Amino acid sequence: MLKGLVNKIIPFSLVDGPGNRTAIFFQGCNFNCLYCHNPETIKKCRQCGACVLICRFDAISIVGDSVIWNEEKCKDCGECIKSCPNDCGPKAKEMSVDEILEKIIKVKPFISGITVSGGECTLQKEFLVDLFEKVRELGLTTFVDSNGSIDFSRNRELLELTDKVMLDIKSFDNVEHKMLTEKDNDTVIKNARYLASVNKLYEVRTVVVPGVLNNLNNVNEISKLIVSLNPEIRYKLIKYRPIGVRTEKIKTVQPDNEMMEELKEVATRNGCKNVIVV
């Protein structure tokens, strides 16, 4: 049976798409963003055992060659994540579609759909196809939160089962994008154009990082791209926040409200009709 590697499931979320949604965060990412706020979702557990030594609640142990996390004993203090030297942590677990559906069905009367995120959820695209087929049978919508690294035009089965995509465009400049993520943005920009052409692009997001990115150029160029595709597509400008980041990788500060409003004005002046700041 095909299983997905899941980092966590949030039963109710108001920030992962429209309405109240269940958000499923998958483990594993092919980007290594300098400002990543969830670096524990990047890699699979390497079974190094560093977290075992730090856990004060006896919630993590080594059985044979495997690190085992006991969810019932865990107090969610976060120390295991902080101590992990490998950008992972012990909490990811393999789950079947039926196991995830169990959790969704419990809250089904209170949600409008699910959103899959990560990490980068589309790295487990075969599993998403199986999951989305079942979720749609429940009458719920399916949203994908993606870094845009897989070509959606070549993954039609997944896209047909996806209601909308929320797409990160981390930098418009390819050189800057490589500096930030270790990957180029050719496929990301291609996805923006393609998803908009088939009415699947719900939202574009850009993180504003002072002193690291050319934020003005990014917002200016990305907003122009959005307007050329469909000015009604939502453009979300996200403040960099120094929470959960790897401080050895990035030295910067949170942008102030004035800076964010100035960038919002740039996007609005370019013709974006739905710009929000978070």
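How many salt bridges does the structure hold? The structure, which is a predicted model, holds 16 salt bridges. Side chains of opposite charge can pair when their charged atoms come close.

| Salt bridge | N to O distance |
|---|---|
| Asp58 and Lys73 | 3.3 Å |
| Asp151 and Arg154 | 3.5 Å |
| Lys170 and Asp168 | 3.5 Å |

**Salt bridges and their surroundings**

The side chains of Asp58 and Lys73 meet in a salt bridge. Asp58 lies in the loop between α1 and β3 and Lys73 in the loop between β4 (66–69) and α2 (79–83), so this pair ties together parts that are 15 residues apart in sequence. Asp58 has a relative accessible area of 52%; the cut-off for exposed is over 50%, so Asp58 counts as exposed. Lys73, at 37% relative accessibility, is partly exposed.

In the pair of Asp151 and Arg154, Asp151 is buried at 13% relative accessibility, whereas Arg154 is exposed at 68%. In the pair of Lys170 and Asp168, both residues are buried. Lys170 and Asp168 also belong to a network of salt bridges that links them with Asp145, Glu203, Arg205, Arg234 and Lys236.

**A patch of negative charge**

Which residues gather in a patch of negative charge on the surface? They are Glu126, Asp130, Glu133, Glu137, Glu157 and Glu160. Helix α4 supplies the largest share, 4 residues. Glu157 is found in helix α5.

Which strands pair with β6? Strand β2 (residues 21–26) pairs with β6 in the parallel sense over 5 bridges. In this pairing, Phe25 stands opposite Ser117 of β6. Strand β7 (residues 141–146) and β6 also pair in the parallel sense, over 4 bridges. Val144 in β7 is the bridge partner of Val116.

**Backbone details in the loops**

Where is the cis peptide bond that has an omega of about 15°? It joins Gly118 and Gly119. Gly119 is found in the loop between β6 and α4, and α4 is the helix that gives 4 residues to the negative patch.

Two residues other than glycine have a positive phi. For Asp58, phi is near 55°. Asp58 is placed in the loop between α1 (50–54) and β3 (60–63), and its side chain is the one that meets Lys73 in a salt bridge. For Glu182, phi is near 75°. Glu182 is placed in the loop between α6 (174–181) and α7 (186–197). Is Glu182 buried or exposed? Glu182 is exposed, with a relative accessible area of 55%.

A further loop residue is Asp256, placed between β10 (234–239) and α9 (257–269). Asp256 is partly exposed, at 45% relative accessibility. Asp256 and Pro210 are 46 residues apart in sequence, and their C-alpha atoms are 9.5 Å apart in space.

Note on methods:
Residues numbered from 1 in each chain as written. Predicted model: local features only at pLDDT ≥ 70, side-chain atom pairs only at ≥ 80, totals over all residues. Heavy atoms only, no water. Patch = residues over 30% accessible without salt bridge, like charges linked within 9 Å, V, L, I, M, F, W, Y side chains within 5 Å. Areas by Shrake-Rupley, 256 points an atom, 1.4 Å probe, with all protein chains shown as cover. Salt bridge = Lys/Arg side-chain N within 4 Å of Asp/Glu carboxyl O. Lys, Arg positive; Asp, Glu negative; His and termini not counted. Charge placed at Lys NZ, Arg CZ, Asp CG, Glu CD. Pairing = 2+ DSSP bridges. Buried < 20%, exposed > 50% of the residue type's maximum accessible area, 1.4 Å probe, protein only.
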